[in-house]
Amino acid sequence: MRDSLDTLEATIRERRAADPDTSYVAKLTAKGRAKIAQKLGEEAVETVIAAMADDRAGVVSESADLLFHLTVLLADMGLSLDDVCAELDRREGVSGLTEKASRVPDAKQPHISSSKIEGSGKRRHTNSNFDQHGLPPQDDVMEALHLFLAKQQNWIEPSEAYRGLADHFRLEAEALSSTMADGRSHWENRVQWARKKLVDNGSLDNSRRGLWKLKNGK
Ligand SMILES: N=c1c2ncn([C@@H]3O[C@H](COP(=O)(O)OP(=O)(O)OP(=O)(O)O)[C@@H](O)[C@H]3O)c2ncn1[C@@H]1O[C@H](COP(=O)(O)O)[C@@H](O)[C@H]1O
């Protein structure tokens, strides 16, 4: 398997610079990364369709197309199969369920997807909708705080929410150190605003000063 992929990778790297009239790799590469990624997506869908039809030969064929297009994409990004294998090696021995349980907050919730790359199954955020301070929109913070609190067993201190959500949104150090005119933290202010919204809509238990928890069942 690895030999076949190594050979394919070497061929693809060589064919990228070939004449697009005689090379599919060169032709696809010339169309740009978006087209390569689109083809990869199509092959993934075709693999799924074959699997759902219990078409074993189809799955083998579509998987070959999928691996081929993935290798073209990696080459276009200056990445290699070795990079992917190194990541797989790093994960070896770590149960997928254990890794998933360690994520904070729950990445499966679809309604925080405005800043999440769909389909990755992992917490990844684009910065495109972040503001000039490098912070996510208030509504996203509110939804993420709701999810974060839903996972807590007990009362938490605000600092835990600041940290947990900063990790969730993968905030840069610069964004975390940004302050308002009065010296208060932009980020903490945003999380506090989110907490207030949750109090206002009746989700948050407001009975203990300086500690945060959702009301039961909210
Ligand atoms: N493994 C492959 C491989 N798998 C699939 N494909 C091509 O990938 C394309 C995608 O399949 P589709 O049915 O979606 O094609 P399509 O509808 O024509 O594509 P679009 O019009 O949507 O762009 C087809 O043209 C396939 O022939 C491949 N093309 C090349 N290779 C390898 O890459 C090497 C270099 O190829 P060239 O760059 O063409 O010389 C070859 O020797 C092979 O080893």
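A residue is classed as buried if 20 or more other C-beta atoms lie within 10 Å of its own, as exposed if 12 or fewer do, and as partly exposed in between, with C-beta atoms placed from the backbone. The structure is a predicted model, in which local features need pLDDT of at least 70 and side-chain atom pairs count only at pLDDT 80 or more, while totals for chains, interfaces and linings use all residues. Residues are numbered from 1 along each chain as its sequence is written.

The protein contains 10 helices and 0 strands, where helices (H or I, at least four residues) and strands (E, at least two) are DSSP runs numbered from the N terminus. Along the sequence the pattern is α-α-α-α-α-α-α-α-α-α. Of the 218 residues, 20% count as buried. Two residues are taken to be in contact if their C-beta atoms, placed from the backbone, lie within 7 Å. Among the contacts with a separation of 6 or more, 57% are made by residues 24 or more positions apart.

The shell around the ligand is made up of L8, T11, I12, R15, S23, Y24, V25, A26, D65 and F68. Helices α1 (2-15), α2 (24-31) and α4 (56-76) each contribute at least two residues to this shell, and α1 gives the most, with 4 residues. By class, the shell holds 6 nonpolar, 2 polar and 2 charged residues; Ala, Val, Leu, Ile, Met, Phe, Trp, Tyr, Cys and Pro count as nonpolar, Asp, Glu, Lys and Arg as charged, and the others, Gly among them, as polar. Y24, one of the shell residues, is placed in helix α2. With 12 other C-beta atoms within 10 Å, Y24 is exposed. The C-alpha atoms of Y24 and I12 are 9.7 Å apart in space, and the two residues are 12 residues apart in sequence.

Helix α7 (residues 138-150) has 13 residues and reaches 18 Å from its first C-alpha to its last, close to the 18 Å expected at 1.5 Å a residue; the expected span is 1.5 Å times one less than the number of residues. The buried residues in α7 are D140, V141, M142, E143, A144, L145, H146, F148 and L149. These buried residues pack against α8 (158-168) and α10 (186-200). K196 lies in helix α10 and is partly exposed, with 13 other C-beta atoms within 10 Å.

Helices α8 and α10 also pack against each other, at an angle of about 105 degrees and with their axes 10 Å apart. Axes are lines fitted to C-alpha atoms, for helices over the stretch in contact, and angles run from 0 to 180 degrees between N-to-C directions. The two helices are therefore roughly perpendicular, given that angles under 35 degrees count as roughly parallel, over 145 as roughly antiparallel, 65 to 115 as roughly perpendicular and the rest as oblique. The contact involves A161, Y162, L165 and A166 of α8, together with W187, E188 and V191 of α10. In this contact there are 6 nonpolar, no polar and 1 charged residues.

W187, which belongs to helix α10, is buried, with 23 other C-beta atoms within 10 Å. Leaving aside residues up to four places away in sequence, W187 touches L135, Y162, A166, L171, A175, L176 and S178. The C-alpha atoms of W187 and H133 are separated by 8.9 Å, although the residues are 54 residues apart along the chain. Q192 is also found in helix α10. Q192 counts as partly exposed, having 18 C-beta neighbours inside 10 Å. A distance of 9.0 Å separates the C-alpha atoms of Q192 and Y162, which are 30 residues apart along the chain.

D54 counts as exposed, with 8 C-beta neighbours inside 10 Å. R170 is partly exposed, with 13 other C-beta atoms within 10 Å.

Technical notes:
A residue is near a molecule or strand if its C-beta atom, placed from the backbone, lies within 6 Å of it.
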